[in-house]
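User: Hi! I am new to reading protein structures, and I would like to work through one with you. Could we take it step by step?

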Amino acid sequence: VATASHAYNVLFGHSFLREAFESLADITRTADRIFVLTDENVWKAQGDTFTAAFPLPFEVYVLPGGEACKSFDQYNACQTFLLQQRATRKSLIIAFGGGAVGDLSGFVAATFMRGIPFIQVPTTILAHDSAVGGKTAINHPLGKNMIGAFYQPQAVVYDIAFLKTLPEQEIRSGMTEVIKHALISDEAWLNELMSRSIYDYSDDELSHHLQKGTQVKANIVAEDETEQSVRKYLNLGHTYGHAIEAASGYGNLSHGESVMIGLIYCLLLSEQYGGVTREQTMSVYRYAQSQRYPFDAVAKFDFETLLSYMQKDKKAEYGELQFVLLSKIGEPYVQKVDVAQCQEVDVLLRQLIA
Ligand code: NAD
Ligand code: ZN
């Protein structure tokens, strides 16, 4: 990943944690201490494997599971832990977990003593996306990801073996972002992804798809680190998806499950501008339906509720609704859309799902 601020590698492998960290000796050698931040679910499922394979001494801090770790309280608790442990500006943080641990740990690293190095060790499929690109954040009671920084890791070590204990809902959640990366980059790859169930990929196939997805993200981030232009394409499906996720109270639906609904919404909206065909929309929709994405969730919220969330999105510029659409599969662009048209497509989506 070559960003203007800093270049780093994403290493992929299977059960290769020791090897990977040995190859990162240039980074670990300069660290006086290593602090692993993780969450209770990850540590319970994969802590023993991590401890057995990690080649250097470390201290660990275990956070509450998932999104709960992205709070001011947990941020504060991590800083307290680091200070009590006498961490210094030369200490190294390892984020061992999914996107939640990665976002929190990155923000802790960005701000502890004005910034110390960190390495991402992702344990979810979704984290092929979140671990790359340098967006770090915690949540504010008034909004998700509202407090944060752009801060790139020193490296990302992606060990596919950690994914074995992922719950089914998290497989769905993460695979949405892979499918999103295919939708904005490569129709042949999209078809390859959809030729098999997301639950049935072999290790090699999954690794291949995650590498491709990471590369798409890395290329975009290299071109536009701070989201002035092409990085916006990564928001495909997220305007409507975030609204569903927020309306459901960040509870029953995972991020990617909500975004999958948003992707279908964007395909329908793209149809209105020409390019994407109904047949293409239907092939993605039918595939997602067969993979147990919970489309029935849409019926729980009316359009006005979703609209109010879409208008609060921090990517909404001057109150206008902005969507990433596709001029064809693989070719995204940004389009301002008026509320009446948003509502028409909302109706179309509801008809499709009914
Ligand atoms: P997550 O980190 O909450 O993990 C999902 C759940 O699975 C959690 O309960 C976690 O404890 C558990 N888990 C993680 N790995 C496991 C494993 N190997 N075995 C068993 N259980 C495991 O969720 P996520 O989907 O990885 O990430 C979502 C977060 O990422 C959100 O907070 C979102 O805002 C953020 N995000 C950030 C970016 C970015 O660019 N920084 C991009 C997308 C999403
Ligand atoms: Zn996302």
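Analyst: Happy to! Let us begin with one residue: Asn-145 has 16 C-beta neighbours inside 10 Å, so Asn-145 counts as partly exposed. Please keep in mind that this is a predicted model.

User: Which strand is Asn-145 found in?

Analyst: Asn-145 has a feature to look for in the backbone: its phi is positive, about 55 degrees, although Asn-145 is not a glycine. To place the residue, look for the strand that covers residues 143-150. That strand is E7.

User: Is Arg-292 buried, partly exposed or exposed?

Analyst: Arg-292 sits in the loop between helix H12 (278-290) and helix H13 (303-312). Its phi is positive too, at about 70 degrees, and Arg-292 is not a glycine. A residue needs 20 or more other C-beta atoms within 10 Å to be buried, and 12 or fewer to be exposed. Arg-292 has 15 such neighbours, so its class is partly exposed.

User: Let us step back to the whole chain. What radius of gyration does the chain have?

Analyst: The secondary structure comes to 14 helices and 10 strands. For 354 residues the globule rule gives 20 Å, and the chain comes close to that value, so it is as compact as a globular protein of that length. Its C-alpha atoms fill a box of roughly 60 × 40 × 35 Å along the principal axes. The radius of gyration itself is 20 Å.

User: What percentage of the contacts with a separation of 6 or more comes from residues 24 or more positions apart?

Analyst: For background, 46% of the 354 residues count as buried. Now take the contacts in the chain with a separation of 6 or more, and pick out those between residues 24 or more positions apart. Their share is 75%.

User: How far apart in space are Ile-119 and Leu-92, C-alpha to C-alpha?

Analyst: Ile-119 belongs to strand E5 (residues 118-122), and it counts as buried because it has 27 C-beta neighbours inside 10 Å. Leaving aside neighbours within four places in sequence, its contacts include Ile-27, Leu-92, Ile-94 and Pro-153. Ile-119 and Leu-92 are 27 residues apart in sequence, yet their C-alpha separation in space is 7.7 Å.

User: What distance separates the C-alpha atoms of Val-221 and Gly-134?

Analyst: Val-221 is found in helix H9 (residues 203-223) and is buried, with 24 other C-beta atoms within 10 Å. Beyond its neighbours within four places in sequence, Val-221 is in contact with Val-1, Thr-3, Val-132, Gly-133 and Arg-231. Gly-134 is 87 residues away along the chain, and the C-alpha separation is 8.8 Å.

User: Are H7 and H8 roughly parallel or antiparallel to each other?

Analyst: Helix H7 (residues 168-183) and helix H8 (residues 187-194) have axes 7 Å apart, at an angle of about 150 degrees. The contact joins Val-178, Ile-179, Ala-182 and Leu-183 of H7 to Trp-189, Leu-190 and Leu-193 of H8. By class, that makes seven nonpolar, no polar and no charged residues. Angles over 145 degrees count as roughly antiparallel, so H7 and H8 are roughly antiparallel.

User: How many nonpolar, polar and charged residues does the contact of H11 with H12 have?

Analyst: The axes of helix H11 (residues 255-272) and H12 come within 9 Å and cross at roughly 170 degrees, which makes H11 roughly antiparallel to H12. Among the residues that meet are Met-260 and Glu-271 in H11 and Arg-278 and Val-284 in H12. The count is eight nonpolar, two polar and two charged.

User: Which elements are included in what covers the buried residues of H10?

Analyst: Helix H10 (residues 238-247) is mostly covered, with nine of its 10 residues buried. Among the buried ones are His-238, Tyr-240 and Glu-245. Just after H10, Gly-249 takes a positive phi of about 75 degrees. The cover includes H11, H13 and strand E9 (321-328).

User: Finally, which residues come nearest to ligand 1?

Analyst: The shell around ligand 1 divides into nine nonpolar, 15 polar and seven charged residues. Of these 31 residues, the nearest are Asn-41, Gly-66, Gly-98, Gly-99 and Ser-130.

Definitions and conventions:
Residues numbered from 1 in each chain as written. Chains lettered and ligands numbered in written order. Predicted model: local features only at pLDDT ≥ 70, side-chain atom pairs only at ≥ 80, totals over all residues. Axes fitted to C-alpha atoms, helices over the stretch in contact; angles between N-to-C directions. Helix = DSSP H or I, 4+ residues; strand = E, 2+ residues; numbered from the N terminus. Parallel < 35°, antiparallel > 145°, perpendicular 65-115°, else oblique. Contact = placed C-beta atoms within 7 Å. Nonpolar A, V, L, I, M, F, W, Y, C, P; charged D, E, K, R; others polar. Rg over C-alpha atoms; globule rule 2.2 N^0.38 Å. Near = placed C-beta within 6 Å.
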